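Reader: I'd like to learn how to read a few local features from a set of coordinates. Could you walk me through some of them?

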Amino acid sequence: MNLLAIEVETSHVRAAVLDSDSAEPIGGISVANLALEAPTSDAAQISAANLWEAVSGAARHAVQLAGVAGRAGVDVGAVGLSSFMPGLVLLGKDDRPLGPIWTHQDRRSRPAARQVWAHVGEELLASAGNRPLPGLMSALAWRQQHSCDPYLSHRVASYLHVNGWPGWRFT
C-alpha cells in the first residue's frame, strides 16, 4: 500500500505518492500553484473552487506520475493531508462554501481585532494571534465577515478550516 501525501501552502499545493516502506516519493512530486485574490488592499483570499482545483489536480497528477492507479498491492491505500494555510471555510446547508476563504495574510479582520483588544486587553491577542494585530484568527474573521453581512449567520450551517476542508471533500 502507498500513501498519497498532500501539502497545502499559501502559494501552492504539493502532492506525491509515497512508498509506505521507505517514505520516498514514487514517480515525482506534483505542484499546483495557488493565486491569492486581493479585491482590496487588505484582502488575501482564495476561492474554494480554486483551492479544490489545486488540491485535486495535484493529487491526480501525483498518482499519474507514480503509475500506481489500479495496480494491486501498490495502488494508493491512504491519503495524508497537511495544511500550512490557515483559513476559515464557511459552509451552507448544502455543505458548499459560502464565499472565498480569508487566508492568514488577510487584514480585513483588524477592526474586530481592535475591538477585542480594547475589550479584553492585549493578553488574548498576544497569546492567540499575531502581534501587534492579528491578520486572521478564525473567530475574528467570522466576526468581521458577520459585521459586513449580518445575515451571514442565517446561511452558515457549519465551518471547517483549510486543514480539514479538502479532507472532508475527499470523503
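**Burial, contacts and backbone angles**

Author: Happy to! This is a predicted model. Let's start with Asp95, which is partly exposed, with a relative accessible area of 36%. Asp95 sits in the loop between β6 (87–91) and β7 (101–103).

Reader: What is the phi of Asp95 near?

Author: Phi of Asp95 is near 65 degrees, a positive value in a residue other than glycine. Ala23 also has a positive phi, near 65 degrees, and is likewise a residue other than glycine. Ala23 belongs to the loop between β2 (12–19) and β3 (30–33).

Reader: Is Ala23 buried or exposed?

Author: The cut-off for exposed is over 50% relative accessible area. Ala23 has 53%, so Ala23 is exposed.

Reader: Now a strand, please. Which strand holds Glu7, and is Glu7 buried or exposed?

Author: Glu7 lies in strand β1 (residues 2–8). Buried means under 20%, and Glu7 is buried, with a relative accessible area of 18%.

Reader: Which side chain is joined to that of Glu7 by a polar contact?

Author: The side chain of Arg14, at 2.4 Å. Setting aside neighbours within four places in sequence, Glu7 is in contact with His12, Val13, Arg14, Ser82 and Phe84.

Reader: And for a helix, which residues of α4 are buried?

Author: In helix α4 (residues 138–148), the buried residues are Leu140, Ala141, Gln144 and Gln145. Looking down the axis of α4, these buried residues fall within an arc of 130 degrees, so they line one face of the helix.

Methods: Residues numbered from 1 in each chain as written. Predicted model: local features only at pLDDT ≥ 70, side-chain atom pairs only at ≥ 80, totals over all residues. Heavy atoms only, no water. Buried < 20%, exposed > 50% of the residue type's maximum accessible area, 1.4 Å probe, protein only. Helix = DSSP H or I, 4+ residues; strand = E, 2+ residues; numbered from the N terminus. Arc of directions from axis to C-beta. Polar contact = N/O pair within 3.5 Å; in protein donor to acceptor, adjacent residues only side chain to side chain. Contact = heavy atoms within 4.5 Å.
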